[in-house]
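Colleague: Could you walk me through this model, feature by feature? I would like the general idea each time, and then the case at hand.

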Amino acid sequence: MEQKRIRIGFVADYLNSEYSECLISGITTCCKEHNVELLIYQIGKIKPDNFTGYDYQHMAISSQINEHNVDGIIISSGTQLHGMSKATFTSYLRSYKPLKMVSIAHEIQGIPSIICDARKSMETLVSYLVKEQDCQKFGIMSVDSESKEMSIRTEIIKEELKKNDIPSSNIVLWKSSFHYASAYSILSDYYTKKKNRFDFDAIIAMNDDLAFACLDFCSKRANLRVPKDILVTGFDDMQRASFFTPTLTTINQKVYYQGYKAALTLINQINLEEVPDVQTIEAKAILRESTNGKKTSKKQFSENEYISLDLPEDFIGNNRFSVTEWFNKRQQVFQAALMDTYVMMNISFDEVGKHITHALAAFGLLSAAVVVYENPTEVLKPFEYFNQPQKAKLIAYFDYSNKDKPKELHHVIEFNPAKGLFPDTVRDYPDEGVVVMSLFHKTIQYGYILMKRGPFDTGVYDLIAKAVASQLNASFEYSRRLKNRRSITQDYVTLDEMAHIDYLTGLKNQRGFLELGETSLKYAQAMGQSGLLLYFNIKNLRKVNDYFGHSAGDEVIKSVATFLQKHFRSNDIIARLDGDKFGIISAGLNVDNYKKVLRNVSEECRKWKEENNYPIEVDVSAGFAMFPSQKYGYALAPLLEKAESTVKG
């Protein structure tokens, strides 16, 4: 009997970052070497930075991170801990128990952790700037964040500057967000306040993106040449660092190796081998042109100043893109962005699976699957835990990676997603990795998509998922409109055939009102309409019956019915509910217009009384309930009861 392959998951906030892409590369290499299957989950931020968008919806896919789908997971902790405390994050991780786990970037108690120690490399870099480049005045571009990691980096720099006899008066600290634009704006404001003076020997930035902002500011705004007039350093060793002009001195955290080591640790843990609680990887300073201008350095500059990783030389590589690769990835992103245009069609929800299959295959994916929940789920606000629906359909699936036996879905397959991402009949997870993402449109969760990794930039998968979600939303709305039209038309025909008419007034009777009212309110709900449900009483009808007889009372009832028909629209539902009671459903009617109509009906009653010389006042009293109601929504019975309770007189 063939032994079951180990399957692990990598859990990241977003995949469209170079950091995530580098981790995935290392994890994938390890999985291939050990014949391990890989799922890659994009869950977004557990604690979103803001609540203005719908990024929180990414979290829904985390409900699929369980023992049915993976044997263990690697958590990218560093990116999550920028926006939440370690205690809160640790509490959240308990939801993944009893899965084996490994943390990358931060030490989490009770979970084997892979961390990077950058202290020595940062101390070396600062010492180099002071001793070999004669830098005396420093700017530190730090980050305004709760991240302990950023605070530690800043403190290491300050401590090392102090050791090198740099007084605090020679140091300026700025606090930016994590992004380029914020850092550039902060430097511009500082430059303006200092009356266009920028007297620094070096700027040390907390990440490469901030360093690029500093480089651009110096050359474009402050008219300073890097490295001749000022030196700039970063942190992360992004791909762009070795292409920028000048190339950027930075610190390499061995992210690729962190991913590889994390995967190896998780595999060993699943195989019940003992693993260390914490494994530390030493970061390395990479010296480049941005710090080699003020004085000739004794240091040798190299693109490959990596410490030994105990791995073959060809495994390490320098992880750089060629210009051709960069152009290809740019084209991929452009094509993925256009997919939204390609897939958007008025096509029914029953047929959308075939359409999506063709669109994904045409893009170049070798394998993909789309799962939709039986009923789309609305999620109105950020959440930590998503209530996984128990019924779903696999509507699109193909695998063209196996040329001998290509697979394609020939009919929709229903299954329980709580017991696995896929139905057993088509389950397949290669070691190259399968990207797993939520499919949502604004507040509506439709399901999820799985895409086999290929030669694409990681940002491409997110764009494809968004395009598929847009098509699902368009198809769902299109199908709902068609269904509502057919249903409402048939309901009206049926009700007419049943002839639920009040014998005296020609209006709908109570039964007709209730049945047609239900349909009308469902239609209003589908169309997003509001309106009023009204309840009318005829005043003094009993006195009219006692004084003039029941035939006179019937005339009053018929007259009031005529007045109501006159002052309401033909598409409003007007019914005589019982005796002297009337009910009306009027979509689109507001309170101000209702009051005008009530005055008009009362005036008609007054004229009728005078014309018929009645000594008894004939008038109507009324009450109303608005729909949708915060408490009752579009439910007819409680709305009618509420309207009746508001009748005065």
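Colleague: At what angle do helix H14 and helix H15 pack, and how far apart are their axes?

Modeller: A word on the ground rules before that. This is a predicted model, where local features need pLDDT of at least 70 and side-chain atom pairs count only at pLDDT 80 or more, while totals for chains, interfaces and linings use all residues. Residues are numbered from 1 along each chain as its sequence is written, and side-chain values use heavy atoms, with hydrogens and water left out. Helices (DSSP H or I, at least four residues) and strands (E, at least two) are numbered from the N terminus. Axes are lines fitted to C-alpha atoms, for helices over the stretch in contact, and angles run from 0 to 180 degrees between N-to-C directions. Here H14 (residues 541–548) and H15 (residues 550–567) pack at about 145°, with axes 7 Å apart. Contact means heavy atoms within 4.5 Å; H14 brings Leu541, Val544, Asn545 and Phe548, and H15 brings His550, Ala552, Gly553, Val556 and Ile557.

Colleague: Which residues have the most contacts inside the largest nonpolar core?

Modeller: A nonpolar core is a set of buried Ala, Val, Leu, Ile, Met, Phe, Trp, Tyr and Cys residues joined through side-chain atoms within 4.5 Å. Buried means under 20% relative accessible area, exposed over 50%, and partly exposed in between (1.4 Å probe, protein chains only). The largest core has 55 residues, and Ile8, Leu360, Leu365, Val370 and Leu472 have the most contacts inside it. Helix H8 (residues 255–270) gives the most to this core, with ten residues. Apart from this core lies another, of 52 residues, including Ile140 and Leu248.

Colleague: Is Gly72 buried or exposed?

Modeller: Gly72 counts as buried because its relative accessibility is 0%. Gly72 lies in strand S3 (residues 72–76). Leaving out residues up to four places away in sequence, Gly72 touches Arg7, Ile8, Gly9, Leu99, Lys100, Leu266 and Ile270.

Colleague: How many residues line the second largest pocket?

Modeller: Pockets are found on a 1 Å grid over the protein atoms alone: a pocket is an open set of points where a 1.4 Å probe fits, with protein on both sides within 12 Å along at least five of seven lines, and lining residues have an atom within 4 Å of a point. The second largest pocket is lined by 40 residues, with Phe349, Glu374, Phe476, Ser479 and Arg480 nearest its centre. Helix H12 gives the most to that lining, with ten residues.

Colleague: And the backbone: where is Leu272 found?

Modeller: Most residues other than glycine have a negative phi, and most peptide bonds are trans. Leu272 has a positive phi of about 65° although it is not a glycine, and is found in the loop between H8 and strand S11 (278–282). Leu272 counts as exposed because its relative accessibility is 72%. Asn196, also not a glycine, has a positive phi of about 65°; with 48% relative accessibility, Asn196 counts as partly exposed.
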